Amino acid sequence: MRKRVEKKLNHHLMLPIKLFMGREKSGGIVLLLSVVLAMVLANTNFATSYFHFFEQEVGMIVNGQTYLNYSLHHWINDGLMAVFFFVVGLELKREFIGGELADVRNTILPIGAAIGGMLVPALIYTALNMGTPHTMGWGIPMATDIAFALGVVYLLGNKVPLSAKVFLTTLAIVDDLGAVLVIAFFYTSELSVVSLLFGFAFLAVMFIGNRLGVKNLLFYAILGIGGVWVTFLLSGIHATIAAVLAAFMIPADARINESVYIKRLKKQLKRFEHEKANEVRTLEEGQVGVLATIKRDTSIAIPLLQQLEHTLVPVVTFLIMPIFAIANAGISFTNLSVSDIFSNHVALGVALGLLIGKPLGVVGVTFLMVKMRWATLPSAITKRTMVGLGMLASIGFTMSMFISTLAFDNELWLTQAKVGIFLASILGGIGGYILLNQSPNKNK
């Protein structure tokens, strides 16, 4: 009876959850639901409790002295989001080694498009806010949200050609790298040189360990979290940058290479075939030993970088990003009027930067590079498809909202930036969906 219940539970509950989490578009759906939840909480009777909850301070007390005492909101943006940026760093390193960015000659077009898609929005925002205290928000409309943009693409399925998906993915990767550099160089507070030197010292130890062939996860975890992250947090440079730098120190090579693994696997499979079998469910001890060896060999055949990425991506997608959205996406409209939102050009600059600047920069630079014969546009990508991809690039939710929390301390300006992000992301997503849904797929 118990086994039947477990089997039904697995079939009707666990299996659908696993299938949902394995789909590309699922992350965008969960993120969208988190945004809706945050908006509901911020505009109902729960609003006071909602905002107060994230203002609570959490820290450590040692011998009566308080250390690292920050609000829960701060811990989410500097702590949990560091894990998000750590995964971004792992993905960037993998892409540089053997992915879309391994050969710059093959990716020159999306790289150029990404740069155009970052510069034009920043220029539009700056032009609208020049000479005002709001100028620091220029980095907000520069970013593209990978989860949402790719989520829309995968909702369309085969209507979007493979070359267009690769183009958008590469563009989003470069865009992430650009956002990391912008945060590092332009959204850093006063520096503590001593803390920064200690941070780079820990990074140097991680690098040396990597070069010496150290593959121990605990080694990199202690140095990365207890060393690099903490010292960068205290240095004034945003702690998420520490996460990206630490990710680049993670080994990308396995303990055994593919050919050695294949030989070992073949040997163990032969051993398994010759082990004495039985007629019951359990395996013989010899069979268990063989499978344990295969499991150990499989583990060491996977680079630590990819082990961490494989483990952390679901955590980031289905836990950290939703928590970030719930903590940051709540906008209370109770005491907010239209005149408040547009009392300056923050909302307008962000909205136009994303909605107009992103497509203009992406599409404009792409066609300019093709016309100058610096690159070739894949035949499956039509003009309509290209404009549709440019519109999807205007979805700037996660990274744009994160940069807005660094750019503004003023609550009204922050709210205005969020309104601009939401407006542009919604319209850009709908516009991109409509254009790509009507775009003929030449790969069919």
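Predicted model: local features only at pLDDT ≥ 70, side-chain atom pairs only at ≥ 80, totals over all residues.

Mentor: Residues are numbered from 1 along each chain as its sequence is written, and side-chain values use heavy atoms, with hydrogens and water left out.

Trainee: At what angle do the axes of H8 and H9 cross?

Mentor: Axes are lines fitted to C-alpha atoms, for helices over the stretch in contact, and angles run from 0 to 180 degrees between N-to-C directions. The elements are DSSP runs numbered from the N terminus: helices (H or I) of at least four residues and strands (E) of at least two. Here helix H8 (residues 193-211) and helix H9 (residues 217-235) cross at roughly 160°, and their axes come within 7 Å. H8 is therefore roughly antiparallel to H9; the classes are roughly parallel under 35 degrees, roughly antiparallel over 145, roughly perpendicular from 65 to 115, and oblique for the rest.

Trainee: Is the crossing of H8 and H9 left-handed or right-handed?

Mentor: A crossing is left-handed if the near helix is turned anticlockwise from the far one by less than a right angle, and right-handed if clockwise. The H8 and H9 crossing is left-handed.

Trainee: Which residues in H8 meet H9?

Mentor: Contact means heavy atoms within 4.5 Å. On the H8 side the residues include Phe 198, Phe 202, Val 205 and Met 206, and those they meet in H9 include Tyr 220, Leu 223, Val 228 and Phe 232. By class, the contact of H8 with H9 has 13 nonpolar, eight polar and no charged residues. In this scheme Ala, Val, Leu, Ile, Met, Phe, Trp, Tyr, Cys and Pro count as nonpolar, Asp, Glu, Lys and Arg as charged, and the others, Gly among them, as polar.

Trainee: How do H15 and H16 pack, and at what angle?

Mentor: Their axes are 8 Å apart, at an angle of about 140°. That makes H15 oblique to H16. The crossing is right-handed. Among the residues in contact are Lys 358, Pro 359 and Phe 367 of H15, and Lys 383, Met 386 and Met 391 of H16. The classes are eight nonpolar, two polar and two charged.

Trainee: And what is the angle between H4 and H7?

Mentor: Helix H4 (residues 72-98) and helix H7 (residues 162-186) cross at roughly 125°, with axes that come within 10 Å. H4 is thus oblique to H7, in a left-handed crossing. Phe 85, Val 88, Leu 92, Glu 95 and Phe 96 in H4 meet Ile 173, Asp 176, Leu 177, Val 180 and Ile 183 in H7. This contact has eight nonpolar, no polar and two charged residues.

Trainee: Which residues touch the most other members of the largest nonpolar core?

Mentor: A nonpolar core is a set of buried Ala, Val, Leu, Ile, Met, Phe, Trp, Tyr and Cys residues joined through side-chain atoms within 4.5 Å. Buried means under 20% relative accessible area, exposed over 50%, and partly exposed in between (1.4 Å probe, protein chains only). The largest core has 111 residues, and Phe 84, Phe 85, Phe 86, Phe 167, Ile 250 and Phe 397 touch the most other members. Beyond its neighbours within four places in sequence, Phe 84 is in contact with Val 316, Ile 320, Met 321 and Met 399.

Trainee: Why does Ala 417 count as buried?

Mentor: Ala 417, in helix H18, counts as buried because its relative accessibility is 0%. Leaving aside neighbours within four places in sequence, Ala 417 contacts Ile 140, Val 346, Val 350, Ser 404 and Phe 408. Val 419 is also found in helix H18 (residues 411-438) and counts as buried at 15%.

Trainee: Is Arg 373 buried or exposed?

Mentor: Arg 373 counts as exposed, at 77% relative accessibility. Arg 373 lies in the loop between helix H15 (346-371) and helix H16 (383-392). Its phi is positive, about 60°, although Arg 373 is not a glycine.

Trainee: Where is Val 62?

Mentor: Val 62 is in strand E1 (residues 57-62). At 42% relative accessibility, Val 62 counts as partly exposed.
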